[in-house]
Every structure is written in C-alpha cells, then in structure tokens.
Amino acid sequence: MIKIKDLHKSYKMGSNSLHVLKGINFNVEEGELVAIMGSSGSGKSTLLNILGMLDLLDSGSYELDGVPIKNLDETKAANYRNKFLGFVFQSFNLINYKTALENVTLPLYYQGLKRKDREETALNYLEDVGLKEWATHLPSELSGGQKQRVAIARAMASKPKVLLADEPTGALDSKTSKEVMALIQQINKSGKTILIVTHEEDIAKMCSRIVRLKDGVIMEDKKNKMKSAI
Amino acid sequence: MFSRDRWLEIFETINKNKLRTFLSGFTVALGILIFVVLFGFGNGLRNTFEKFFKDDALNTIWLNPSRTSKPYMGYEANRRIEFDNDDMEDIQKRFDFYIEGMTPRISFSGNVGYKLESNNYSIRGVGPSHQKNEMTIIMRGRYINGLDVENKERNVVIGRLVEQDLFKGEDGVGKFISGGGRSWKVVGVFQDDGGDREERIIYAPYTTVQSIRKSTDKVDQIIISYKPEIGFAGAVAFEKQLKKYMKQKKFIDPKDPRGIFIRSASSDLKENDQFASVLQYIISFVGIGTLLAGIIGISNIMVFVVKERTKELGIRKAIGATPKSIVGMILHESIFITTISGYFGLLIGVGLLNFIGDKLEEEYYITDPSIDISTGIAATILLIIFGAFAGYLPAKRAAQIKPIEALRDE
C-alpha cells in the first residue's frame, strides 16, 4: 500500500539546516495497523506529514496504492488527500461552527457528492462511531473522546485507502484513549490500513506493527501481537 | 462555480459567523451610507446656489435705452433714445444666428379690478419668450403666446398673489378682470421664485399694450436670449457686436458710455460657473475620501477575516479542499456580503436624503439633497470590487499556505 525509499527531509532554521529524516525505507501492506514511535524530535510527525502530503519530501520516493506521489502542487495534493487519505489529529481539528454531522459531510462536499447523499453517508459513519444522536451538536458541546470519534468518522467518510492518525489519544485520558483505540482497531479489522504516530507504549502495543524512529532513522521495525484495547 | 451547494455552504458560514458578517457588512453599508449622504448634501448646496443665482435665465441680454451724453453726427447731447418694434425686427435679421428668443418689455402700472376688489399692479407688455427670461412658472392655464401678440388679444397672465388678492381663492383662469376701462381675459396664473413682488405682476401681449397706449410702437426694453451653445466667448462677442450695431443704428457716438445700456448675465455667468465647479470639486473630494475610507475599512476586515479563518482553511485543505475552492469560497462570501450590505447602505442613504428633503434649506442652505442613482450604484460596485480584491490577496496566501502550518495556527 505504501512504499517509501530513501526519504530525506530537512528544514531550514534561519541559516542552519535541520536534517530531520535521514533516509527512511519503509513499506506498509494493506490492512496493517502500524504504530510509529519515537521521542519528540525523532521525526515521526514529519514522516506522517509527508505521508499525508501535508508536507513535501526533499529526496527519495513515495508510492501510495501504486501511484507515485511526486511533483505535487497544492491542487494535486488536495485531490490526492481527498481520494486516498483520512486524517485524525491530536487536537481533533473540527470546524467549531459546524455541527458533528456537517463536519463529517465536509470531505464529501469536496468530493462533489450531492447534499442528500452527503448527509446520508455522514450519518452512517456517525452511527458507526456511536454518535448518531449527537449529529446536530457543535464540537463545543462534545467531550474530547466524542470529538475524536467525530474526527475519525470524518476521516472515514471519504473512504480513504489509508488512515493517518497523529497522536490520536494525546489529548485524552486513559479510559477514553482505550475507547478510541478500540474504534481504530475495529476499523482496522474491516481491512483499512492505519498508521498511528504515538509516543505511548500502551497505544503502540495495540497495533500490529511497531516502527521506532530515532534521530531521523528507523531503529527498529517489528511485528507485534496486537493487544485488544478493551 | 456558483452551484447551489456553494451557496448553501456560504449561507451556512454566514449564518454561523454573525459577528464577522455584521462587521464587514456594516463597514460597507456605513461607507456607502456616508458617501450617499455627503454627496447628497453637496448636491443640495449646489442646488441652493443655483436657486440663488438662476432665478433669471443666464443666457439673457437686456437692452435699455437712456439719454446720450455726447453730441454725434449733428445730434445734440442728452438726446433721449427709444426703441421700437422695427429695432427688434432688425436685430432679429442681423443676429439671427445667435438668437434663441426675443421679447420687448413695456412696463407701467395701473388699477386692475375684479368685482368689488381692485388694486394697483405693475403691468408688463411682453412677448412669449419673456417667460423663459424671467423663468416664470405657469401654475394653471398658459402664458402669452404668438397669436395673442399677432391679434392684439386682450388676454393677460396674472401672478399668484394677484389671483389671491382679486379672486379670493377662486380660480381666476377664464374670468375677466377690468383695467384701463376695458375688460381682460385671464388666460393663465403663474408663480415666480423671485419673491412676492414678482408674483404681483400682470403680463399682457405687448402689441395690445402698444395699441391701447395711443398706438405707438415704442418699447421700454428689449430682452434677448441667445443660444446657450454659443458659449461664454460667443456671448461676449454677440454683446459687443450688438452694442456697436445699435449705437450705429441710433446715431450714438461709439465712445459715448451712455445712450444704450446692455446688461447681461454672461459676465456673471463665468463667475457663477467657477463657483459651481469649485463646489463640484469639493463634493467630489468628499465623496472620494469617504469611499477611500470605506475601501480601507473593508480591506482591513477582509484581512482580519482570512487571518481568523486560517486554521479552518487548513482543516478544509487537509480533507481535500483545493486552493481554488478556498479562494473561490472566500471571494464568493465577501462579494455576497458587500453586495447585500452595499445595497442596504444605498437604500438607507437615499431614504435619509429623501426624508431630509427641504428640512435643512432655511438654516444650512441645503436644498433638495439627492444623489444621482448611477453615482450611488457605481460607488457600491467600486466598494464590492475593492472588498473582493482585499479578500483575494489574503485568501490566495491562505490557500497556498501548507495545511500543516495552517493547522498549527492557534
């Protein structure tokens, strides 16, 4: 599903250049639930941003579902993101003046679906995450766990090939974290490829593969016996 | 681009961001409102000015005879010059190119009565074009016409106050008044902005007056209106030639400052025109200044709006919005808001001007303040364009910012 070869990325900080990713080689098969671990500054978020086409790579190659991702301009990247990827962020990133339902319909709006179809689809996904009754509520009326579940429903609504989650449980307590992870595991069981960036061992153990990054290189890449969240 | 879905999305956004919508809408509406009101006041000032100076038509030359002060060609000094109907015909023949209309004026006064009422009024024997020279406004009936002059009809046109005095609220048109031992038919009633005195006048055909007054063909004054298209320079030339021609005709020394007096509005006209154009400049300056303030206001708000929405735009981009759709959305929204609120500002402004009407005339010299509707619409469109332009630049920048940076913006 994902093929990455010799990926390099550096950031310019004034006159200095910060080399963040120093040659990453990394493949993900369909249906895997991968945890990308590392302390802060290890380059894990940068890797996820490049995978998510939110950021550009300096050198190396990146292939997603057989499509080489290169020469990205903003419009092309936007179309790929809409077609291939679903995002879950640590800070949820819901649009605060839109209801849960409207937030979930938004990617479908950009896919060009009709309004009626959008709402029907979005409601189904809200039902999947157990929030059908909360459809008309604003994000400010939802708890953190609920917000993240809405965000997951939004990410899933566009039927992405890969779900990318950046510290999805970072802003949640341990009980809610487990609930969210249970939801992610459940989605994974239905065959979806999922990548999670985390620094929590507990969360990583709930994934089928753990990749450890340190100083911009992969230190360890091993299969894991997936531990059920609940 | 303007699909129903886009509209619904925009209505939703507007509906849920009322303060933001109100702020930008208010700026535009206020800008247009102030523009309309100030511009209207400016026009009101000009109206007052025109009313002051334009009671008499501006393209008028008055020819008045007087006594000569120098002997010339065998004639003694202090000879009395008189005009008659032949002079008018000759002038018409000689200067046909310049002349729009010409009328004599024979002024006298006399007792005029109706039933038991009678009063002394000034009476003027005139021709049809006199109406234009004096800017006489006919309220009912008609003015003296060509047939009256030709047939020496005993038809008269009376001032509003004459009618009030004699007829006591009755309609005077069609009734007969007595004067000089004869009866005269009232064919019209007029008003005049020149004041009460001007409305206590009776006009009669000059030929009729001449025949009654011992069948002379003398006239007191000749009033000529020239074609306005000959312009200021043409008017000055015409005046000069006319004076020369008349002096020659009446055997007056060309160097005699007396004999014939010519009064014309053309020399005043230039000064008046200059004053009017200075007023126009001031009005335009105020208008442009107000619009500029409005443009700056809406630009500021658009920059602020886009800044405030940076994170939202980042989220939209992360889930698949193209830069084009982001810019389109912001522009669509801003044009919609500025159009609606600009229209409201225009309506309120015009309504306010209508409401003010002549309330400020007495104290502030603002008469009938109003604005040319096309000026108002042009100003509104200008503001919409600049609002869109002001929104476009930050929107384009926001659309090109990497989503990851937009998402970090808290």
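**Notes on a two-chain predicted model**

1. Let's start with confidence. Chain B has a mean pLDDT of 83, with 93% of its residues at 70 or more; pLDDT is the predictor's confidence in each residue, from 0 to 100. Where pLDDT is low, the predicted coordinates should not be read in detail. For chain A the mean is 89, and 100% of the residues reach 70 or more. Confidence in chain A is lowest in helix H2 (residues 74–84), at a mean of 86, and highest in strand S3 (residues 33–37), at 93. The model as a whole scores ipTM 0.88 and pTM 0.63.

2. A word on conventions. This is a predicted model, in which local features need pLDDT of at least 70 and side-chain atom pairs count only at pLDDT 80 or more, while totals for chains, interfaces and linings use all residues. Residues are numbered from 1 along each chain as its sequence is written, and chains are lettered from A and ligands numbered from 1 in the order in which they are written.

3. Here is the overall make-up. Chain A holds 7 helices and 10 strands, and chain B holds 14 helices and 12 strands; helices (H or I, at least four residues) and strands (E, at least two) are DSSP runs, numbered from the N terminus. Of the 230 residues of chain A, 47% are buried, and of the 410 residues of chain B, 37% are. A residue is buried if 20 or more other C-beta atoms lie within 10 Å of its own, exposed if 12 or fewer, and partly exposed in between, with C-beta atoms placed from the backbone.

4. How far along the sequence do contacts reach? Among contacts in chain A between residues at least 6 apart, 68% join residues at least 24 apart. In chain B, residues 24 or more positions apart account for 79% of the contacts with a separation of 6 or more. Two residues are in contact if their C-beta atoms, placed from the backbone, lie within 7 Å.

5. Now the meeting of the chains. Chain B contributes 21 residues to the contact and chain A contributes 22. On the side of chain B that touches chain A, the elements giving two or more residues are helices H1 (4–16), H10 (310–318), H11 (323–356) and H14 (403–408). That side of chain B has 9 nonpolar, 5 polar and 7 charged residues. Here Ala, Val, Leu, Ile, Met, Phe, Trp, Tyr, Cys and Pro count as nonpolar, Asp, Glu, Lys and Arg as charged, and the others, Gly among them, as polar.

6. Two of those chain B helices also pack on each other. H1(B) and H11(B) pack at an angle of about 65°, with their axes 10 Å apart. That angle makes H1(B) roughly perpendicular to H11(B); angles under 35 degrees count as roughly parallel, over 145 as roughly antiparallel, 65 to 115 as roughly perpendicular and the rest as oblique. Arg6(B), Ile10(B), Thr13(B) and Ile14(B) of H1(B) make the contact with His332(B), Glu333(B), Phe336(B) and Ile337(B) of H11(B).

7. Helix H3 (residues 100–111) and helix H5 (residues 144–157) of chain A pack at about 25°, their axes 8 Å apart. H3(A) is therefore roughly parallel to H5(A). For both pairs, axes are lines fitted to C-alpha atoms, for helices over the stretch in contact, and angles run from 0 to 180 degrees between N-to-C directions. On the H3(A) side, the residues that meet H5(A) include Ala100(A), Val104(A) and Leu108(A). The contact residues divide into 8 nonpolar, 1 polar and 1 charged.

8. Is helix H1 of chain A (residues 44–51) enclosed or open? All 8 of its 8 residues are buried, so H1(A) is largely enclosed by the rest of the structure. Lys44(A) is among the buried residues, as are Asn49(A) and Leu51(A). After H1(A) comes Met53(A), with a positive phi near 60°.

9. Finally, two methionines of chain B to look at. Met73(B), though not a glycine, has a positive phi of about 50°, and Met135(B), also not a glycine, has one of about 55°. Met73(B) sits in the loop between strands S1 (60–65) and S2 (83–84) and counts as exposed, with 7 C-beta neighbours inside 10 Å. Met135(B) lies in the loop between helix H4 (130–134) and strand S5 (137–141) and is partly exposed, with 15 other C-beta atoms within 10 Å.
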